[in-house]
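Trainee: Hi! Could you walk me through this one? I'm new to it.
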Amino acid sequence: MQKPYNEIILETSPLGVRFAFHTKEGGYWPLHWHEELEILYPLNGESDVTIEGVTYRLPNKQLIVIDSKKIHSTFHYGDHAMFLCIHVTKKALEWYFPKIQDFHIQCCPNAIPDEHFAQYLQMNQHLQRITELYITDSPASLLESEGLLLQILSCLLLYFSSDTAPFLAPADKLAMERVRQVIQFVEASYQTPLSLQDAAELIGIGKEYFCRFFKKNMGIPFLQYVNQVRISHIYQDLIHTDLPVQEIMEKNGFTNQKLCNRMFKELYGCTPSKVRKSTASTL
């Protein structure tokens, strides 16, 4: 996927941890997934995080956990979004917790049990301290940050996880693998014409069955998803290039300007031309 325009990343550590401080334009970032567990901690504003079809409101400085291989998207309310984003490779932590791969972690602000609120608050305080350490950049900041993260992970496993994760039948596992294939395919090919037939052939099923399959697992029709991916890239190009609006649309796979304007307004609350006018003076 296209990287944010201002992305500061500390390299993955021997513990399989990557700390990243993102500053991105507000708005929508399409559905995607990754192998690592993700801890997302917003430093400003409010966002919506959708994980496998369920949307959670994420207030400022309240963490959410996105477990490994979970399909998710985000929408930030505001012009700019700042996040601390931590990716954790579960495999690397098996030395500390051999059964970590079997545990399902679920932790989001609007679903914290009263009896575990103190632990949730403490984890947020640790993430705030990690942010302060990045700003001060002391010689031992990374070492202290990883120590705090280990405390967060321990808390998540003790209070916000279960080793009785929802059982996935072989058919369900196959379905999720197919969804991931389609997501990767769209991200690699969104600039070119894409059809239902292309996607159906990719995972070896018929076109009509694919339509039902995709809507069931992603919550939206396939072509709507493709256009949302295109719209997100159009937005980034409007912000960071001085190319003509029409050229940007065509570059990102849109041939129907009316549809593009309508979908763009649904996702970002304004037209592409308005975004271009608001950013023209800064390019």
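Trainee: Is Tyr 96 buried, partly exposed or exposed?
Mentor: Tyr 96 counts as partly exposed, because its relative accessibility is 44%; buried means under 20%, exposed over 50%, and partly exposed in between, with a 1.4 Å probe and protein chains only. Bear in mind that this is a predicted model, where local features need pLDDT of at least 70, side-chain atom pairs count only at pLDDT 80 or more, and totals for chains, interfaces and linings use all residues. Residues are numbered from 1 along each chain as its sequence is written, and side-chain values use heavy atoms, leaving out hydrogens and water.

Trainee: Where does Tyr 96 sit?
Mentor: In the loop between strand E7 (72–88) and strand E8 (104–105); strands are DSSP runs of at least two residues and helices (H or I) of at least four, numbered from the N terminus.

Trainee: Which backbone atom does the Asn 124 side chain reach?
Mentor: The backbone nitrogen of Leu 63, at 2.9 Å. Beyond neighbours within four places in sequence, Asn 124 is in contact (heavy atoms within 4.5 Å) with residues including Tyr 41 and Lys 61.

Trainee: New topic: how many disulfides are there?
Mentor: There are 0, a disulfide being a pair of cysteine sulfur atoms within 2.5 Å.

Conventions:
Polar contact = N/O pair within 3.5 Å; in protein donor to acceptor, adjacent residues only side chain to side chain.
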